[in-house]
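Subject: Structure for you to look at

Hi,

Here is the structure I promised to pass on, together with my notes. Have a look at it first, and then read on for what turned up.

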Amino acid sequence: MSIRIDDATRTFTLHTRNTTYQMHVDEYGYLLHLYYGTRSEGTMDYLPTYADRSGCCACPHDVANRTYSLDVLPQEFPFQGNGDLRSTLLQVRDGEGVFGCDLRYVRHEMRDGKYALPGLPAAYSDAADDTQTLSVTLADERIGLEVELLFGVLPDVDVITRAAIVKNVGTGRITVEKLQTACLDFVHGSFDVITFNGQHCMERKPSRQHVLPGSFSVGSRRGQSSHQYNPFMILCDRDATETAGRAWSMTFVYSGNFKAEVEQTQYQQIRMQMGLSDELFSYPLEGGEQLVAPEIIMTYSNAGLERLSHNLHRCIRKNVCRGEWRDAPRPVLVNSWEAHYFNFTGDELVRLAEKAADLGMDMLVMDDGWFGERHDDFRSLGDWTVNEEKLGGTLGQLIERINAAGVKFGIWVEPEMVNENSDLYRAHPDWALAVPGKAPALGRDQLVLDFSRAEVRKNIFDQLCAVLDQGNIEYLKWDFNRSIVDIYSHATADQGRVVYDYYLGLYDVLERLVQRYPHLLIEGCAAGGGRFDAGWFHYAPQFWTSDNTDGHDRMTIQYGSSFGYPCSVMGAHVSACPNEVNGRTVSLSARGLIAMSGGGFGYELDLLELPERACEIIRNQVQQFRDMERLVREGLYYRLSNPMTDDVYMWEFAAEDGSEAIVNSVIAKAEGYGEARYVVPRGLTPGALYREVNSDRVYAANALMDMGLPLPVSSALYMSRSYRFVRVDE
Ligand code: GLA
């Protein structure tokens with residue numbers, strides 16, 4: 001059993017294989033957090049301290065007790081209104097507009113399996129394991145409010161999930177002004193916080209800093225999880241490294257606005273919390289209505305950041321991603337975007353497909369430019385009708401020609417968007433999010449469709465199906481190229497609910513799409529990695545990691561992304577040099593090795609312009625990817641160096657059972673006749689021998705993991721090496 005409940009002390013203990021999470025209901029009915037750490041038996045109710053706190057707010061149910069204050073006690077679901085003056089998870093107003101509630105325990109329930117959330121993505125388990133759900137309900141009778149806290153225990157991946165459902169069980173209106181999903185309260189600790197920040201074309205650079213007095217937060221008010229701050233945060237010991245120290249993390253399973261915060265309080269306690277952003281948010285609940293706080297995935301490691309990442313990689317691969325592509329090798333593709341942009345003909349695509357087939361690839365993806373009058377980015381979004389003149393025939397005919405050339409066919413769409421210059425907008429201007437009487441802020445000359453409205457979703461879904469039904473389309477790239485700025489829906493008087501309802505709408509469309517097209521491989525994209533989050537991965541197993549395809553920058557982007565997400569979800573392509581975003585030239589072999597370290601591998605350049613030597617290298621790369629893709633998709637990923645600070649980028653994929661490993665390196669900074677560099681692998685079976693496949697030489701795992709393997713000394717910039725070790729079993 002993963003969940004143990006002691007009814008006498010009202011203590012709930014959640015065990016995963018290596019961790020324990022514990023809480024209890026105290027004498028006043030408040031749900032206190034006791035512990036989240038290394039797996040432990042017993043009750044940790046000695047951890048919260050009770051000293052004279054009369055300088056803080058007392059307990060309203062026992063004002064004489066000067067040692068009790070919710071302002072200092074560790075809690076599971078702190079709320080505004082009863083003395084906790086730290087940053088809380090919930091703020092509500094009643095029908096009179098009055099702030100405040102008082103949530104106390106009323107009941108709990110435990111069940112086997114993992115809870116699902118209505119209309120929202122959530123982790124699941126299809127394995128016959130000890131996955132269990134605990135539901136604890138807190139209530140405020142005065143205003144008719146209940147909050148059901150959901151805890152999912154995924155023991156095999158060392159993950160605890162959290163969600164919360166806020167219910168108006170009274171008759172008057174309650175307005176939710178702030179709703180976050182979960183917090184972790186630490187009674188003491190000296191920590192660093194790590195967030196993953198960036199911009200368009202440079203996403204998820206890790207940034208680590210001390211937690212200091214006050215509050216530190218990142219988040220998004222952009223209507224998308226964003227390029228700027230990823231909805232993933234790590235808290236760790238100040239001396240934690242890849243392989244040592246304690247670390248906790250929160251991952252938001254949601255693609256819209258969020259806020260992640262760490263607060264160090266007056267008594268040096270720490271609160272880490274995550275959930276919906278309270279900006280541009282004010283959600284009304286009439287009697288009988290409810291609001292779901294999207295899921296948070298939490299994990300803990302007492303062995304550094306590497307184990308934390310491994311827990312998350314396993315969880316996202318097996319418990320978040322779904323569908324038949326979850327465990328299947330992905331096609332190696334060529335994408336038309338950086339080869340042709342908007343300017344292509346059907347014949348040119350067929351020639352690209354023939355060349356792709358010749359180089360051993362599996363698929364051609366026709367990117368933007370195939371519909372309406374889409375010759376540039378000023379028009380036609382919303383009109384998903386095939387431009388048959390441009391393609392030289394119907395879409396079905398083009399697909400047949402491409403299939404006949406020997407490759408599968410994929411297509412690009414951006415369904416949430418509309419250009420003012422489109423038939424859809426001319427017919428339904430009120431379907432775009434725009435504030436009446438105010439000129440809307442355009443992004444890439446486009447507006448965002450109001451996906452909170454069922455009729456808008458129906459129109460777009462029907463248009464998409466009409467395209468997908470025209471032929472053998474096996475891959476869909478779903479793009480989203482601007483933020484949500486103008487928040488106004490013609491369908492409601494409560495504009496504070498629109499962005500949240502938009503995401504319920506998006507998930508509704510995605511769910512219907514994956515149900516109707518179970519064989520379709522979907523890749524997300526948001527001007528690159530602007531909506532790269534666990535919410536997305538519930539519907540599609542990969543995301544275009546960044547519009548920056550420069551090999552050098554991609555080392556950092558993929559390195560940063562790997563802290564919270566498995567390589568299997570990263571779309572990564574080899575593009576032309578000098579790179580279109582930063583002008584850099586990186587060797588083709590390094591570009592290939594870096595790109596094939598993402599699960600969605602491919603090429604994004606005009607293959608027909610390549611000299612024969614480059615074609616030979618690419619043929620070998622496609623084969624190399626096929627040889628290593630299972631380890632990329634299912635193996636453990638090791639960050640052997642930090643490309644932001646180290647001269648050599650080194651990384652490794654190893655089988656869970658240690659039977660094989662691929663160790664890669666790329667020289668990121670070269671000095672003439674410089675020092676010898678060594679790559680030191682991890683995750684091999686101690687005491688075992690390994691044969692390196694290319695050289696056929698046998699090495700001792702212990703020596704490799706102690707002193708490593710020298711890289712060639714005359715290291716040219718972007719020289720790459722890939723060593724494949726296979727354990728020599730007796
Ligand atoms: C975005 C994507 C690109 C490409 C273009 C097409 O920028 O990130 O990969 O699909 O849109 O317009």
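Two strands pair if DSSP finds at least two bridges between them. Strands here are DSSP runs (E, at least two residues), numbered from the N terminus. With that in hand, E34 (residues 689-692) pairs with E37 in the antiparallel sense, over three bridges.

A word on the source before the rest. This is a predicted model, in which local features need pLDDT of at least 70 and side-chain atom pairs count only at pLDDT 80 or more, while totals for chains, interfaces and linings use all residues. Residues are numbered from 1 along each chain as its sequence is written, and side-chain values use heavy atoms, with hydrogens and water left out.

**Overall layout**

The chain is divided into domain 1 (3-320), domain 2 (333-633) and domain 3 (648-727); the bounds come from an automatic or database domain assignment. Between the C-alpha centres of domain 1 and domain 3 there are 40 Å.

**The ligand**

Which residues come nearest to the ligand? Of the 13 residues around the ligand (a heavy atom within 4 Å), they are Asp-367, Asp-368, Arg-444, Lys-477 and Asp-547. Sorted by class, that shell holds six charged, five nonpolar and two polar residues. The classes work like this: Ala, Val, Leu, Ile, Met, Phe, Trp, Tyr, Cys and Pro count as nonpolar, Asp, Glu, Lys and Arg as charged, and the others, Gly among them, as polar.

There are also polar contacts to check (pairs of N or O atoms within 3.5 Å). A polar side-chain atom of Asp-547 sits 2.5 Å from an oxygen atom of the ligand. For Trp-412, an N or O atom of the side chain is 3.0 Å from a ligand oxygen, and for Asp-479 the distance from a side-chain N or O atom to a ligand oxygen is 3.0 Å. On its own the ligand has 300 Å² of accessible area, and the protein covers 96% of it (Shrake-Rupley method, 1.4 Å probe).

**The sheets**

Nine strands make an open antiparallel sheet, in the order E6-E7-E8-E9-E19-E15-E14-E11-E12. Strand E6 (104-112) and strand E12 (202-210) are at the edges with a single partner strand each, so one side of each has no neighbour in the sheet. On average, neighbouring strands of this sheet are turned by 20° against each other, direction ignored; the axes are lines fitted to C-alpha atoms, and angles run from 0 to 180 degrees between N-to-C directions. Within this sheet, E15 (residues 247-252) and E19 (residues 290-301) are joined antiparallel over six bridges, with Ser-249 bridged to Thr-299 in E19.

An open sheet of four strands, E1-E2-E3-E4, is antiparallel too. Its edge strands, E1 (3-6) and E4 (31-38), each pair on one side only. Five bridges join E2 (residues 11-15) to E3 (residues 19-25), and Leu-14 has Tyr-21 as its bridge partner in E3.

Back to E37 (residues 720-727): this strand also pairs antiparallel with E32 (residues 660-667), over seven bridges. Which residue in E37 is the bridge partner of Ala-661? It is Phe-725, and Phe-725 is the bridge partner of Glu-692 as well. E34 is joined by four bridges to the antiparallel strand E35 (residues 697-700), where Tyr-690 stands opposite Tyr-699. E34 and E35 form a hairpin with four residues between them, and Asp-696 in the turn has a positive phi of about 65°.

Best wishes

Definitions and conventions. A polar contact is a pair of N or O atoms within 3.5 Å; within protein, one must be able to donate a hydrogen and the other to accept it, and residues adjacent in sequence count only if both atoms are side-chain atoms.
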